[in-house]
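Work through the exercises below with the sequence and coordinates open. Each task is followed by a solution in steps.

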Amino acid sequence: MIKEKSQKPAESSSSETHSQEFLDALRHSCAHVMAQAVQELFPGTKISIGPAIENGFYYDFDSPHRFTEEDFPKVEKRMREIAQGNHPFKGQEVSFEEAKKFWEARGEKYKVEILEGLKGQKITHYCHDSYTDLCRGGHLENTKLLRHFKLLSVAGAYWRGDEKNPMLQRIYGTAWATKEDLEKHLKMLEEAKARDHRKLGTELRLFAISEKIGPGLPLWLPKGAVIRSILERYIVDLERSLGYQHVYSPALARVELYKQSGHWDHFKENMYPAMQFENKEELVLRPMNCPHHIMIYKNDLHSYRDLPLRIAELGTMYRYERSGVLSGLSRVRAMTLNDAHIFCLPDQIRSEATATLRLIERVYKDFGFKNYWFRLSLRDPADKIKYVDNPAMWDKAERLLKEALSEVGVSFKEAAGEAAYYGPKIDVQLHDALGHSETLSTLQLDFYLPERFDLEYVDKDGARERPVMIHRGIVSTMERMTAFLIEHYAGNFPLWLSPVQVKILTLTDAEESPARALEEHLLAAGLRASLDLRAEKIGAKIRDAQLEKIPYMIILGPKDVAAKTLSIRLRDGRQAHGISEEKLIQELTRENASKTLSPTWLDPK
RNA sequence: GCCGGGGUAGCUCAACGGUAGAGCAAUCGCUUCGUAAGCGAUAGGUUGUGGGUUCGAAUCCCAUCUCCGGCUCCA
């Protein structure tokens, strides 16, 4: 039972005084109290599980009642009454038979099923007030500590997380130790909505999805296309400087290619169906670029001296993602991946892997990503269907990836069951605006496809040997990266990524000609400039430019024209006057190249 | 794909069985203005689509497409 160390009045304490252990207990206890309230209010509701999760809790119910958010006030009210009833949480060990009798008598079939799995282990019941749950514990001392909670949403969830099982109704809630923490969290959720790339992408005219074209098939509007082409040029130039060779390969291929690679067997249901051509050959849209790059490798006989061979491509591919998983630009059916396959000697694996990890860190620094972590994604050894069955190969690959991680000196978490079917990976995880973890970069070690495609190189002694493949993506797909950048910057892109970098706002019609001249000079200097010559008040033009999140506004009026200098306004509200055109171009060019987020050449706000 | 909730003008939303409306945006006038919304007028919709119930459907029912919150999946 968890007793909070500092028993300060909850209202005045801050989050730092509450341990994760306490918060978990609070949230788990809140789940129990919610289950009690729900069972009281909606007779016939059966309980299953209700754990604490990050920032809150949920409970999965099987109920004749269809829960909606309209039920929440009623449930919350009852929860409050229960919590204020000053009920202690009591744990009690029970025998298997006793527990089984108890849950069977109540018709709680999910609890009985959980219980069956616990046979032979210690079994405990936790009770508060009139409610009893089969639970391993981790609760508050008393329900009265539960004060700051809110129910958030109701959703479907498969029993035991298996889509073959029936779907239960899950109610999510959030719970905190203090009122301030709860309010802070609710505010964060509100703010996250404003950063959502689907909302900002629409407002800022970056991309659009047309129902006529189809779900998951985004259109890149001119402004989004600017960002994408910057990303593409950035990564291609960087990779070329590191010895990658960029290629182009077709997005269509004979289905046999994917049968040989194993993708057809593993992912057929997520591939667009084969197209028949004159009733003979069958073509598929590629769901992956690897086999194409393998064919490029096989186009030549390679000496060990040629390796490592780093074949890269902004490869466009098509996956029939299930309808329910599509989301804006982050989960789509047509995507272009910053892909590369490194064909190397076995003793080059480590240096190639460490170089790739360093490249990832270099790129993240350029984009200002700080909140990321490395995940060593391993197979589930019990699953012989999903993963290639070759334990020795897996052990070796895992060991090599761990060595690379420790050489680069980054910490990582291991995750079983997250590997690719052909080998383990290092995934780099970042959080989106709503706190969901997403994979951006990945590095996959593969001994399997070289085998399937019988890849070889000629070794020193003239013998044919098998190369190893490293699959890696740094900036992910252009779609996902763009979605991520929108949320990361909340649409306030640094200068180098801004679709429009400078907007010239004229005060009166008299400034039209100097404004056009200025725009021309900026464009000639390689800066992305545009004009606002509308017959609007300057306040309105500024407002519109602010809403477009344009980094630099040039307010051009009679005084500026007379003085032959410029008045500048930044989107953060900063202003500068009397700047010469030359100075502006010089500083913006510098800022553009530095990739900095906040311009430093003007006085801080 | 599954569970639940939504699709009304370019965008954000109202009307919830009785003639489909507002703000912003757009267009046209007037206004020529110094750091986040000047004024007026005009135009804009088979209420996602297809069926059904009804004297009458945006509203109720069925199917379907699509979006959102989750679940499952993610080479």
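**Conventions**

This is a predicted model, in which local features need pLDDT of at least 70 and side-chain atom pairs count only at pLDDT 80 or more, while totals for chains, interfaces and linings use all residues. Residues are numbered from 1 along each chain as its sequence is written, chains are lettered from A and ligands numbered from 1 in the order in which they are written, and side-chain values use heavy atoms, with hydrogens and water left out.

**Exercise 1. Describe chain A as a whole.**

Step 1. Count the elements: chain A has 18 helices and 29 strands. Helices (H or I, at least four residues) and strands (E, at least two) are DSSP runs, numbered from the N terminus.

Step 2. Take the extent: the C-alpha trace spans about 85 × 75 × 50 Å along its principal axes.

Step 3. Take the burial: of the 605 residues in chain A, 50% are buried, meaning under 20% relative accessible area with a 1.4 Å probe and protein chains only.

Step 4. Take the contacts (heavy atoms within 4.5 Å). Among those in chain A with a separation of 6 or more, 70% are between residues 24 or more positions apart.

**Exercise 2. Trace the sheet that contains β16, and find what lies across it.**

Step 1. Write the strand order: eight strands form an open sheet, β11-β16-β17-β24-β21-β20-β18-β19, with mixed pairing. Two strands pair if DSSP finds at least two bridges between them.

Step 2. Find the edges: β11 (245-246) and β19 (412-416) each pair on one side only.

Step 3. Follow β16 (residues 309-318) to β11: the two pair in the parallel sense over two bridges. Glutamine 245 stands opposite isoleucine 311, and histidine 246 has alanine 312 as its bridge partner.

Step 4. Follow β16 to β17: here the sense is antiparallel, over ten bridges. Methionine 317 stands opposite methionine 335 of β17.

Step 5. Check the burial of β16: seven of its ten residues are buried, and the strand is mostly covered.

Step 6. Axes are lines fitted to C-alpha atoms, for helices over the stretch in contact, and angles run from 0 to 180 degrees between N-to-C directions.

**Exercise 3. Classify the packing of α3 and α4.**

Step 1. The axes of α3 (residues 96-105) and α4 (residues 109-117) come within 9 Å and cross at roughly 165 degrees.

Step 2. The two helices are therefore roughly antiparallel, the class for angles over 145 degrees.

Step 3. List the contact: α3 contributes Phe96, Ala99, Lys100, Trp103 and Glu104, and α4 contributes Lys111, Val112, Leu115 and Glu116.

How values were computed: Parallel < 35°, antiparallel > 145°, perpendicular 65-115°, else oblique.
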